[in-house]
Amino acid sequence: MILEKKSKKKVDVEKIIPKLLFLMAAISVFTTIGIILTLIFETFIFFDRVSIVEFFTASKWLPFASVPSFGIMPLIVGTLKITLIAAVVAVPVGLATAIFLSEYASEKTRRIIKPILEVLAGIPTIVYGFFALTFVTPVLRELFPSLDMFNALSPGIVVGIMIMPMVASLSEDALVSVPKSIREGAYALGATKLETTIKVVLPAAISGIVASIVLGLSRAIGETMIVSVAGGSTPSMNMDVTSSIQTMTAYIVQVSSGDAGYGTTIYYSIYAVGMTLFVFTLVMNLLAQFISRRFREEY
């Protein structure tokens with residue numbers, strides 16, 4: 001009798017757990033669908049008031065002017081400037097860190113460096129923002145006196161520092177996953193450790209490395225607080241990194257903080273900007289998945 005009750009309880013648990021797990025998965029799916037539908041519906045309201053052609057072709061973003069202009073290109077240029085500077089910082093440093101941890105570091109050294117990278121990854125972005133404004137910018141102004149207090153260079157560098165642990169960690173995982181036999185084969189042919197790393201291990205892990213870089217850059221595109229605190233609020237089409245800029249995320253923060261009333265064209269513009277940002281990050285993530293699958297098949 002007791003065995004029958006235990007068996008019945010076990011069967012009940014086996015039936016309930018899959019349903020519970022499905023419910024958890026469904027919540028995340030429906031949440032994503034809800035976010036996308038909200039963006040789409042509110043964006044349509046904006047484009048009922050502003051021409052979509054003007055939105056993508058006009059060269060000025062002046063939503064608060066007496067004669068407003070809603071050309072998103074200055075915000076896109078500001079976002080891409082930050083992303084490019086971040087890539088210049090994060091990719092070489094992150095990749096070098098991954099190679100060192102995977103191929104050269106001792107177990108003791110790895111146990112020291114890995115927690116430091118995890119701490120960097122866990123620092124709130126608002127802290128990074130004030131670090132950029134109160135430390136990095138003054139240091140850069142000592143080197144470049146013409147640098148404005150709010151500029152693209154300082155937040156770009158700090159965004160690079162922020163995404164560097166992601167690039168390093170994911171790239172290291174890709175390098176470690178390369179079979180040991182491939183390395184031993186290279187050594188047997190007389191290759192040095194450096195030659196094995198550059199000519200054998202890196203090509204074999206290229207799918208994971210490229211995917212880590214693309215995911216890091218998509219994170220940089222969506223960064224909000226660092227550029228809001230240290231980048232300024234001046235949309236600009238020029239490629240000058242020493243002057244104030246405004247990114248897509250920084251504009252959303254500006255309007256969301258109360259600069260526009262509910263139901264106004266400026267209010268709905270944040271959804272149009274958000275949809276553009278969503279498309280950017282979606283394309284980057286799809287690109288990372290495509291590259292990962294493509295190169296994994298070849299290797």
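This briefing describes aromatic pairs and a few related contacts in the structure above. The structure is a predicted model, in which local features need pLDDT of at least 70 and side-chain atom pairs count only at pLDDT 80 or more, while totals for chains, interfaces and linings use all residues. Residues are numbered from 1 along each chain as its sequence is written, and side-chain values use heavy atoms, with hydrogens and water left out.

**Aromatic pairs**
- The structure holds 11 aromatic pairs, a pair being rings of Phe, Tyr or Trp (its six-membered ring) with centres within 6.5 Å, called stacked if the planes are under 30 degrees apart, edge-to-face if over 60 and tilted for the rest.
- Phe46 and Phe55 have ring centres 5.6 Å apart and planes at 70°, so they form an edge-to-face pair.
- Phe131 and Phe135 have ring centres 5.3 Å apart and planes at 15°, so their pair is stacked.
- One aromatic cluster is formed by Phe46, Phe47, Phe55, Phe56, Trp61, Phe70 and Tyr251.

- Phe131 is partly exposed, with a relative accessible area of 34%, and Phe135 is partly exposed at 48%.

**Helix α5**
- Phe131 and Phe135 lie 4 residues apart, about one turn, in helix α5 (residues 125–143), helices being DSSP runs (H or I, at least four residues) numbered from the N terminus.
- Val127 also has its place in helix α5, and the C-alpha atoms of Val127 and Met225 are 8.7 Å apart in space, although the two are 98 residues apart in sequence.

Note on methods: Helix = DSSP H or I, 4+ residues; strand = E, 2+ residues; numbered from the N terminus. Buried < 20%, exposed > 50% of the residue type's maximum accessible area, 1.4 Å probe, protein only.
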